[in-house]
Amino acid sequence: MPSRMSLPVNNTVLLSDVSCARKAVLGRLYGRAPLPELVGLDSPLDLVFSLLSRTVASAEGNTGLLIGPRGSGKSSVVQRALDMLEQGKHGCGSAAAGSLPTYHVVRLSGFVHTTDRIALRDIARQLLIEQDLENILIGSFADAFTYILNLLRSSSSEGAESVPPVLFVLEEFDLLAQHPKQSLLYTLFDIAQSQQTPIAVLGVTARIDVMDLLEKRVKSRFSHRQIYVQCPQKKSDFVEIARLAIHISAGGDGVSKEFAEQFNARVDEILAADSVARHIAHIFDFGKDARQLLQLFVLAASQLSAQSSLMQLSHVEASIAQDVASAKMQVLSSVSLLELCLIISMKSLVQGGSSKYNFEMVYNEYKTFMSRHLLVAAAGGAMKVYKKPVALKAFETLVELEIVRPVATSMAADGSGSYGRNDLLAGSAQAARAPKEYRMVQLMIEPGQVVELVLDRVDVPAVIRRWAQQ
């Protein structure tokens with residue numbers, strides 16, 4: 001009888017089962033495929049679907065904002081609502097289920113569409129308008145957008161007097177709100193409010209203060225409809241998200257019923273393991289980010305093969321180990337002993353009540369400690385106090401690694417109110433006023449992380465270890 005760990009290799013059905021299972025699970029983990037159901041998001045899903053369906057079925061102009069933390073499921077809610085419209089699962093108003101008219105979906109992102117001109121070109125592309133818009137883009141944004149809608153009206157199969165409903169999904173809405181004059185948002189909101197063209201504008205953002213970014217004229221045309229998405233409030237719901245992502249079904253994922261039962265049983269065993277349960281609880285307590293949760297199982301899913309047809313706990317534990325070791329801590333593991341001593345000096349200043357400090361303060365703290373232990377023998381010989389120019393070079397290295405961040409005490413040269421990461425090193429308006437030894441900085445890691453870093457390294461003398469633990 002084959003073990004649950006590895007099923008017969010010569011079974012061709014099994015090989016196809018493993019391939020289908022890997023493709024389905026990785027698709028959900030990477031976000032390419034939706035989860036079978038949304039956990040705890042029924043209320044925002046109903047509100048978003050109602051907003052979009054009224055535009056499609058009743059030709060209403062609607063605007064709204066979908067607000068929630070990153071990883072809370074905002075994009076999943078929008079995609080599920082669009083899928084429900086596509087499948088015609090529900091009726092709205094006088095429209096019967098499955099009889100919704102033709103509509104268009106336009107997706108914009110603040111990360112990609114950094115200017116109104118780029119956004120306008122992509123709107124035309126997504127609406128399948130092939131006419132050259134070079135001459136049209138010379139005028140105002142409103143005129144160009146109206147021209148695009150007229151082209152859409154003339155190409156509509158429902159008559160020259162009507163424009164098919166257009167649903168605008170604006171990802172990273174807060175970045176789009178930072179465009180000069182906010183012409184894109186003003187034009188979309190104005191057309192939706194005028195009710196002359198059936199469009200719905202749904203902004204998706206993680207900033208709760210996004211309304212403060214809008215100009216008065218844009219606010220006046222916005223419906224102020226805000227839909228909030230929250231992260232799971234129960235740990236059981238958080239675990240259920242992972243279970244839905246890595247469980248497989250005999251019907252939807254194209255695998256046999258027997259293989260699905262064995263695969264899902266192994267998944268339940270992994271989720272119940274102490275090491276996995278503890279780390280899931282840590283993610284839940286720290287940030288409730290579902291994307292971070294799903295990343296734990298990518299390695300295990302990618303390793304599925306005929307020789308290892310079920311997910312392995314060791315692969316998940318390897319992902320947990322990588323997740324625990326942050327990128328910043330990995331960079332710190334290779335710093336020199338002098339740089340480590342400067343970090344411990346900054347930790348001592350923080351524990352002494354200093355929220356910000358400069359190189360002179362850090363070097364004095366380092367020199368004071370080292371002078372008391374000047375003759376203490378270390379593994380590599382007698383310890384010594386490094387001269388100030390050498391210590392300053394090590395300090396600049398920490399700034400380059402972004403372990404130390406300059407503090408914005410006044411307006412920077414570019415007027416942004418904050419310094420770049422090299423402002424401590426390069427010439428600037430601030431450099432003309434203060435030598436780099438006296439510019440205030442902050443340590444970007446917690447005191448507990450400093451202690452953990454020192455204890456993990458075997459090349460640190462015992463006296464330095466005791467200093468870090470004080």
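## Pairing of S2 and S3 within the sheet

In this predicted model, strand S2 and strand S3 (residues 166–171) pair in the parallel sense, and six bridges join them. One of the residue pairs involved is Arg 107 with Val 169, the latter being the bridge partner in S3. Helix H4 (residues 116–126) packs on the sheet and touches both S2 and S3. The direction of H4 makes about 155 degrees with that of S2.

The sheet to which these strands belong is open and has five strands, in the order S2-S3-S4-S1-S5, with parallel pairing. Its edges are formed by strand S2 (104–109) and strand S5 (226–228), each of which pairs on one side only. Neighbouring strands of the sheet are turned against each other by 20 degrees on average, with direction ignored.

## The largest pocket

The largest pocket holds about 940 Å³ of space. Its lining comprises 41 residues, and those that lie nearest the centre are Gly 71, Ser 72, Gly 73, Lys 74 and Ser 76. By class, the lining residues divide into 18 nonpolar, twelve polar and eleven charged.

Several elements give two or more residues to this lining: helix H1 (12–29), helix H3 (74–87), strand S4 (199–205), helix H9 (235–246) and helix H12 (290–295). The largest share comes from H3, with five residues.

## Packing of H16 against H17

Helix H16 (residues 337–351) and helix H17 (residues 359–372) pack with their axes 9 Å apart, at an angle of about 105 degrees. Angles of 65 to 115 degrees count as roughly perpendicular, and H16 and H17 are therefore roughly perpendicular to each other.

On the H16 side, the contact is made by Leu 338, Cys 341, Leu 342, Ser 345, Met 346, Ser 348 and Leu 349. These residues meet Met 361, Val 362, Glu 365 and Tyr 366 in H17. By class, the contact of H16 with H17 has eight nonpolar, two polar and one charged residues.

Definitions and conventions. Residues numbered from 1 in each chain as written. Predicted model: local features only at pLDDT ≥ 70, side-chain atom pairs only at ≥ 80, totals over all residues. Heavy atoms only, no water. 1 Å grid on protein atoms, 1.4 Å probe; cavity = no way out; pocket = protein on both sides within 12 Å on 5 of 7 lines; lining within 4 Å. Points joined across faces, edges and corners; volume = space filled by probe spheres on them. Helix = DSSP H or I, 4+ residues; strand = E, 2+ residues; numbered from the N terminus. Nonpolar A, V, L, I, M, F, W, Y, C, P; charged D, E, K, R; others polar. Axes fitted to C-alpha atoms, helices over the stretch in contact; angles between N-to-C directions. Parallel < 35°, antiparallel > 145°, perpendicular 65-115°, else oblique. Contact = heavy atoms within 4.5 Å. Pairing = 2+ DSSP bridges.
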